[in-house]
Amino acid sequence: MILFAASALAVSLYYNCWSWEEGGCRIPLLASLVFVVWPLAYFVLIAVGRYIFYRETPVLPPEELPRCTVIMPAYNEGQHVFDALSSICASDYPAEKLELIAVNDGSIDDTLLWINRAAEKFPGRIRVVDFKQNVGKRFALYTGFRMGTGDVFVTIDSDSQVVPDALAKMVSPIVRDSRVGAVSGNVRVANSEGAFPAMIDSGFTFAFDFIRAGQSVWGSVFCTPGALSAYRRETVLPLLDEWRDQKFMGRPSGIGEDRALTNLVLRAGKWVTLQRSALLYTNVPETYKSICRMLLRWERSNIRENFEMYRFIFRNFDWRDARRWFMLFTLLEYSSMTLLPGVMIGFSLYNIVLTDGAVLFITGAVALLWASLPAAINLHRNSTKLVWFSFVYGIVHALTLFWVVPYALVTVGNSRWLTRIGANSAGKF
């Protein structure tokens, strides 16, 4: 989305769009402030937080770790769920303090077989819940939350694997800081050999190592990913029924369960932070079509939860509260970027007609310019491969994925999961 903002500025300057003389396309200066200056200011604020103030919470020694409940919902994951459960059981978290609940969400493949095989391999370590019919990821997680006995809950996706020290790192901020209600882990891509997974991996680095790290300084990470998140028991339990029963446009809100729960934690006044070195590797789609479906679901969820956040952000607003101001700044930036692609599609089509398509070359050039930011973050993480894929993703996103956000906006009421055929994303239970 930022790519379109930069494109707007470059094209308008190139074609004299700021001129009030005859021939200029007369774009108001306010548009530049909303679509260009505002995101730049936000990124500067994030960069200051990330590189000057961000500090990861030190991990607790084994004897101080709390009882932890790990919840893993699974739907049609096959052997992936066995590998995921094995990675948790092989972690260095003390076994006597670790409770693992695996929820088979009515899978129609051999997922339950692989869950049971994991339970046999690690006797007494895994509690198995088997729904005969698919109830949706949100209700599967809800069931795990209600069953769990831990002081801290950790959610992990069934197609993912955690590194051995990730669980201890995830629970440490909650124990050390009473303000913290939830923690985001750092999600990386496991199947990064293909072009699309590598592009997504470069984006994950930017989203976690830069954006979430900067938000963490203010205790205001906007989304604890379902792939790897931790929640304080006494914070999340009072929120569960509202979260389970959430509706959007009068219908069950079957997508965006991670962002929705994060919203409720922030609304409760608790901090949400990032543990940057708590790593988890997950599988992502490998084709253009499946990437589009994933991004559509994410964007619909973000749009919905932005609306929800506006409902409480001004409630009891303390003008002296810097954290609340940061949350408002972030929310307004997210919202302006939601509207931007639609504006830019019309603007670009207008200029393509006038300039015989020359604007496409400028769009590509500016896309490369803006891709230098995630490229720099990947370079900082010593990932030369992902540096190049950051630039590739910038071009691909600007030229072939620009339609995702406008389409998500006009179809925001759609709660289909899209990437899981047959899944009950609407949460009928």
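How many bridges join strand β5 (residues 160-162) to β10, and do the two run parallel or antiparallel? I looked this up first in the predicted model. I found 3 bridges, and the strands run antiparallel.

Strand β6 (residues 180-189) pairs with β10 in the parallel sense, over 8 bridges. Here I noted R188, whose bridge partner in β10 is Y281.

I traced the whole sheet. It is open, has 8 strands and mixed pairing, and its order is β3-β2-β1-β4-β7-β6-β10-β5. From one strand to the next, the twist averages 25°.

I also looked at β1 (residues 68-74) and β4 (residues 152-156). They run parallel, joined by 4 bridges. I71 stands opposite T155 in β4.

Two helices pack on the sheet. Helix α3 (residues 79-89) touches β1, β2 (98-105), β3, β4 and β5, and its direction makes about 10° with that of β5. Helix α7 (residues 195-217) touches β6 and β10, and makes about 155° with the direction of β6.

Last, I looked at cysteines. The count of disulfides is 0. C68 is buried, at 0% relative accessible area. C89 also counts as buried, at 9% relative accessibility.

Technical notes
Residues are numbered from 1 along each chain as its sequence is written. This is a predicted model: local features need pLDDT of at least 70, side-chain atom pairs count only at pLDDT 80 or more; totals for chains, interfaces and linings use all residues. Side-chain values use heavy atoms; hydrogens and water are left out. Two strands pair if DSSP finds at least two bridges between them. A disulfide is a pair of cysteine sulfur atoms within 2.5 Å. Buried means under 20% relative accessible area, exposed over 50%, partly exposed in between (1.4 Å probe, protein chains only). Axes are lines fitted to C-alpha atoms, for helices over the stretch in contact, and angles run from 0 to 180 degrees between N-to-C directions. Contact means heavy atoms within 4.5 Å.
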